[in-house]
Amino acid sequence: MASSERSALLTYRLCGGSAEEERGRERGRAAAAPRKLPTFLGVVVPTLLSMFSVVLFLRLGFVVGHAGLYQALAMFAVAYFIIGMTVLSVCAIATNGALDAGGAYYMISRALGPEFGGSIGIMFFLANVCGSALYVLGLVEAVVDSFGIPPGQYEEDYTTGQMMSFSSVFAVMFNGCTGIMAGSNMSGDLKRPSYSIPRGTISAVLFTYLVYNLLAFLMCATCNRILLQKDYGFLRDISIFPPLVTVGIYAATLSAAMSDLIGASRILYALARDDLFGRALALAKKTSASGNPVMAVILSWLVVQVVLFSGKLNTIASVVTIFFLLVYATVNLACLALEWASAPNFRPTFRYFTWHTCLLGIAGCCVMMFLISPVSASASLGFLLLLLLALHYLSPSSTWGYISQALIFHQVRKYLLMLDVRKDHVKFWRPQMLLMVQNPRGSARLIDFVNDLKKSGLYVLGHVELQDLDMLPSDPLQPQQDSWLSLVDKLNVKAFVSLTLAPSVRHGVRQLLFTSGLGGMRPNTLVLGFYDDEAPQDGLARHPAFTSAREEVPLGFPPLRAATTPKLLSAREYVGIVADALKMLRNVLLARQLESLDKAWELRRAASPPPTIHVWPVNLLRPDSARYADTCSLFLLQMACVLNMARAWRRARLRLFLCVEAGTMPHAQEEKLRQLLKDLRIQAQIQLVPWDAITRLHWQTCQGPSGGPAEEEEDEEGVVNFPTNTTQVSDEYVCAANKLVLEQSPAPAVRFLYLPRPPADTSLYPLYLHQLELLTRGLGPTVLVHGVSAVTSTQL
């Protein structure tokens with residue numbers, strides 16, 4: 001007894017017959033499962049039958065008769081060069097992973113994503129349907145030729161009556177090469193698709209190429225040219241046994257028609273199963289008990305009947321050729337994209353291809369498409385583009401992966417390495433914003449406002465979670481990431497999301513300032529909401545992105561802090577964050593009451609004068625330093641100008657306020673400021689504001705050691721620094737300055753004010769914040785700005 005039998009018997013005795021029963025169940029499952037095809041029957045035979053079709057028996061003589069031997073051989077070379085490059089791409093994709101039903105559609109959709117896959121799937125379905133109709137018309141032509149009118153009642157071209165050319169003959173001939181996907185279309189029925197498709201397809205292509213060339217030589221050596229041009233069924237007349245040619249014609253055309261019909265049905269079934277077109281293809285999902293897509297076959301057959309109404313083989317031939325060329329170009333494009341993306345998981349076992357072969361295949365397909373028929377090629381590309389757009393906006397998201405993301409990553413990495421910070425120039429400076437958000441529910445309009453301020457620069461939404469990873473089983477930020485990304489999508493802002501864990505908000509902001517961005521794309525400006533005692537309002541629920549679409553606010557964001565709940569951030573820590581950013585040479589923006597800014601109402605009220613943006617480029621907390629050309633003032637001007645350049649804010653008008661005192665030649669100051677604005681190409685209205693009464697309050701309480709104002713100090717960056725100024729400014733003066741700003745009418749949409757540097761003495765941080773609160777109280781949407789770097793240029 002063999003060892004396997006002894007083992008089975010022992011297992012049977014020990015397990016009470018369970019092994020034998022299991023064997024029976026295995027045999028039952030094998031019998032019930034659909035049979036899988038080997039390489040020869042599943043790939044070689046379908047490909048040969050598709051390529052040896054109507055062209056071999058009814059149009060090969062037509063090609064040789066019109067084009068002559070040399071041009072016919074050139075046509076074969078061009079055609080097989082195109083399909084050869086395509087076969088290499090098909091083999092590469094087919095050996096890169098598991099294949100399912102759908103053939104070329106499955107390859108393209110999984111490589112390029114649902115948009116390309118769905119649109120090319122429809123084009124390939126139509127190509128197979130038209131090909132099936134073409135072979136049926138060839139069969140009809142053969143029947144009429146055998147039993148109907150003699151070959152002589154024919155014209156020079158019995159379908160069009162026109163003079164043939166290289167491209168028109170090529171269009172007919174190329175249909176003898178379009179069967180290369182017949183084996184790939186049966187991928188769902190193959191035992192080993194990744195093994196069978198490359199070997200079977202290449203073998204069939206080489207065999208057909210040799211046969212076509214051999215037949216062309218024999219026809220030229222044995223037949224008269226007029227015979228080849230005028231009699232499409234000449235093979236029957238010169239054959240030793242004519243009935244054999246008739247049988248061959250019927251068998252080849254029927255098998256090719258059936259092959260294309262089955263291929264079309266498999267593509268339609270795969271499209272329906274992927275739900276790219278929703279209910280439109282729901283009927284095509286239905287299968288028989290054995291798993292065959294019966295309804296897809298019936299629907300494909302009905303479409304073939306519609307195409308048959310054209311009744312002209314050569315007319316359909318050009319359409320079929322263009323459709324197939326378009327599909328082949330996209331297969332090459334899919335392989336090219338995978339190769340260029342350099343993704344580690346693209347490692348096909350078939351290695352006889354490069355990006356050069358893919359590119360040559362694409363170029364060959366495109367050139368021949370437009371040589372055959374520029375109008376039909378343009379119409380096909382237009383139809384493909386419409387399908388792409390429709391699927392992009394209407395189809396559900398897939399889990400197949402998008403090659404566009406891999407290509408973008410590859411290119412972005414390359415260009416980020418080329419973005420050298422040592423080559424930065426002030427002429428090309430742009431704001432790169434890091435906006436710190438505690439809870440998006442209370443910051444929706446601020447997020448939108450900063451999106452207008454970024455001027456095509458980097459925009460990062462930062463958030464600090466106060467937890468300790470050592471005390472947690474896993475990272476709590478990962479589940480929140482989707483909610484933040486959904487928020488970015490719904491608000492339609494061009495922003496990245498950066499979340500971090502830290503023991504305090506200040507440490508978290510430091511982390512983000514150090515680590516956000518990559519290479520030359522790093523935040524240069526920190527934006528914070530203002531620190532005050534106002535209760536936060538849920539602006540996200542009232543945002544147009546959710547109210548107009550009647551959608552719920554994304555889950556994952558906690559409720560807003562109640563007015564009685566203590567803050568997570570102290571006043572000292574808040575000012576410390578500002579000081580940290582300035583030490584790290586980051587510009588700082590503090591935004592107050594931005595949630596009250598109704599941008600849609602401010603910017604679209606047509607009956608009233610245009611909205612205004614008020615700009616105060618002077619340090620109102622230090623009236624003895626009324627300078628308009630320091631780094632901070634110029635940065636403030638730049639930010640106001642950037643906002644005005646945003647598409648939504650172009651209707652607004654900039655108004656620049658020049659604070660002047662008696663006896664200081666205000667008109668000379670105005671002219672100097674006007675010239676500065678002209679040099680900076682900033683269009684703004686200048687308004688003189690006398691503030692003698694305001695400064696008088698300051699001099700009453702602030703005297704230097706010699707009875708005059710304190711000396712100004714300038715740091716290494718040229719920014720005016722007043723370490724002792726905080727204690728020298730009285731609340732009475734700050735309230736007066738606030739009133740001065742508030743009295744300027746009409747009320748603007750937003751105000752830009754100069755943000756002084758925090759005091760060096762950290763014990764004065766609460767007093768500094770108190771003065772900022774008094775200065776901006778009741779002003780409405782206000783942005784306090786402090787710049788540390790030169791951002792304006794008068795150079796060309």
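**Entry 1**

I began with arginine 674, which is partly exposed at a relative accessible area of 37%. I note at the outset that the model is predicted. I then looked for the salt-bridge partner of arginine 674 and found glutamate 670, with the closest N and O atoms 2.6 Å apart. Glutamate 670 is buried, its relative accessible area being 16%. I placed both residues in helix α25, where four residues, about one turn of the helix, separate them.

I next examined the helix itself. α25 runs over residues 666–679, 14 residues in total, and spans 20 Å from first C-alpha to last, close to the 20 Å expected at 1.5 Å a residue. I recorded Glu670, Leu673 and Leu677 as its buried residues. They lie on the same side of α25, because they cover an arc of only 65° around the axis. Lys672 and Lys678 are exposed, on the face turned away from that buried side.

Against which elements do the buried residues of α25 pack? I found α24 (631–645), β7 (653–660) and β8 (685–690). I also checked what comes after the helix: arginine 681 follows α25 and has a positive phi, near 55°.

**Entry 2: salt bridges**

I inspected aspartate 532 and arginine 592, whose side chains form a salt bridge at 3.5 Å, N to O. This pair connects distant parts of the chain, 60 residues apart: aspartate 532 sits in the loop between β4 (525–529) and α21 (544–547), and arginine 592 belongs to strand β5 (residues 587–592). Are aspartate 532 and arginine 592 buried or exposed? I found both of them buried.

I then turned to glutamate 773 and arginine 777, a salt bridge in which the closest N and O atoms are 2.6 Å apart. Glutamate 773 has a relative accessible area of 17% and is therefore buried, the cut-off being under 20%. Arginine 777 is partly exposed at 44%. Through shared partners, salt bridges join Asp532, Glu534, Arg592, Glu773 and Arg777 into one network.

**Entry 3: helix α16**

I looked up α16 (residues 374–394), which has 21 residues. Its first and last C-alpha atoms are 30 Å apart, close to the 30 Å expected at 1.5 Å a residue. Its buried residues are Ala377, Ser380, Leu384, Leu387, Leu388 and Leu391. Viewed down the axis of α16, these fall within an arc of 105°, so they line one face of the helix. On the other side of α16 I noted Val375, Leu386, Tyr393 and Leu394 as exposed.

**Entry 4: a nonpolar patch**

Which residues make the nonpolar surface patch of about 350 Å²? I identified Val294, Ile298, Trp301 and Leu302. I followed up valine 294, which lies in helix α13 (residues 294–308).

**Entry 5: asparagine 451**

I located asparagine 451 in helix α18 (residues 444–453). Asparagine 451 is counted as buried because its relative accessibility is 12%. Leaving aside residues up to four places away in sequence, I listed its contacts as Tyr459, Asn492, Val493 and Lys494.

Terms used
Residues numbered from 1 in each chain as written. Predicted model: local features only at pLDDT ≥ 70, side-chain atom pairs only at ≥ 80, totals over all residues. Heavy atoms only, no water. Helix = DSSP H or I, 4+ residues; strand = E, 2+ residues; numbered from the N terminus. Expected span 1.5 Å × (residues − 1). Buried < 20%, exposed > 50% of the residue type's maximum accessible area, 1.4 Å probe, protein only. Arc of directions from axis to C-beta. Contact = heavy atoms within 4.5 Å. Patch = residues over 30% accessible without salt bridge, like charges linked within 9 Å, V, L, I, M, F, W, Y side chains within 5 Å. Areas by Shrake-Rupley, 256 points an atom, 1.4 Å probe, with all protein chains shown as cover. Salt bridge = Lys/Arg side-chain N within 4 Å of Asp/Glu carboxyl O.
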